[in-house]
Every structure is written in structure tokens, then in C-alpha cells.
Amino acid sequence: MPTRIQYTGTNYEALKALLGERLLAPYFCMGFSMLSLMTPDGPITIHEGDYIVLSDDGTVTIE
């Protein structure tokens with residue numbers, strides 16, 4: 001069953017435990033925290049409030 005977790009801006013460690021080295025350290029822009037996630041197609045940005053879904057096969061989608 002896929003794992004789904006929301007990025008709140010304060011739960012980087014939980015996301016790092018889930019996604020490992022492909023998750024880069026948070027950065028801040030205009031008062032908001034964002035993350036970058038490395039994918040085979042290049043980096044994608046995760047914004048506060050986004051949901052990260054990790055499928056059983058290791059595929060990650062952002063909602």
C-alpha cells in the first residue's frame with residue numbers, strides 16, 4: 001500500500017527517512033519552505049502543503 005505524507009515545512013526528518021538521499025535539504029523563499037526531490041527526470045520541487053506519495057515500487061508522485 002502506498003505511503004502518503006504531507007510536507008508541513010517542519011517534518012523534513014520524517015520525509016528524509018522515507019525518501020532517503022534523493023531528498024535535498026529544505027530552502028526558504030518568501031517565507032515558505034520548499035524541498036527538492038531528485039528523480040530520473042531531474043529535480044522536482046515540493047512546496048509546503050504538498051502530499052508526497054511513495055508507491056510500493058518506489059515511484060514518487062506529488063499531489
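Contact here means heavy atoms within 4.5 Å. The model is predicted: local features need pLDDT of at least 70, side-chain atom pairs count only at pLDDT 80 or more, and totals for chains, interfaces and linings use all residues. Residues are numbered from 1 along each chain as its sequence is written, and side-chain values use heavy atoms, with hydrogens and water left out.

Start with tyrosine 27. Setting aside neighbours within four places in sequence, tyrosine 27 is in contact with Phe32, Ser33, Met34, Leu35, Ser36 and Thr45. Tyrosine 27 belongs to strand β2, residues 27-29. Strands (E, at least two residues) and helices (H or I, at least four) are DSSP runs, numbered from the N terminus. Tyrosine 27 counts as partly exposed because its relative accessibility is 32%; buried is under 20% relative accessible area, exposed is over 50%, and partly exposed lies in between (1.4 Å probe, protein chains only). Proline 43 is 16 residues away from tyrosine 27 in sequence, and their C-alpha atoms are 14 Å apart in space.

Now the whole chain. From the N terminus, the order is β-α-β-β-β-β-β. The radius of gyration is 11 Å, close to the 11 Å that the globule rule gives for 63 residues, so the protein is as compact as a globular protein of that length. That radius is taken over C-alpha atoms, and the rule is 2.2 Å times the number of residues to the power 0.38. The C-alpha trace spans about 35 × 20 × 20 Å along its principal axes.

Of the 63 residues, 29% count as buried. Among contacts between residues at least 6 apart in sequence, 37% join residues at least 24 apart.
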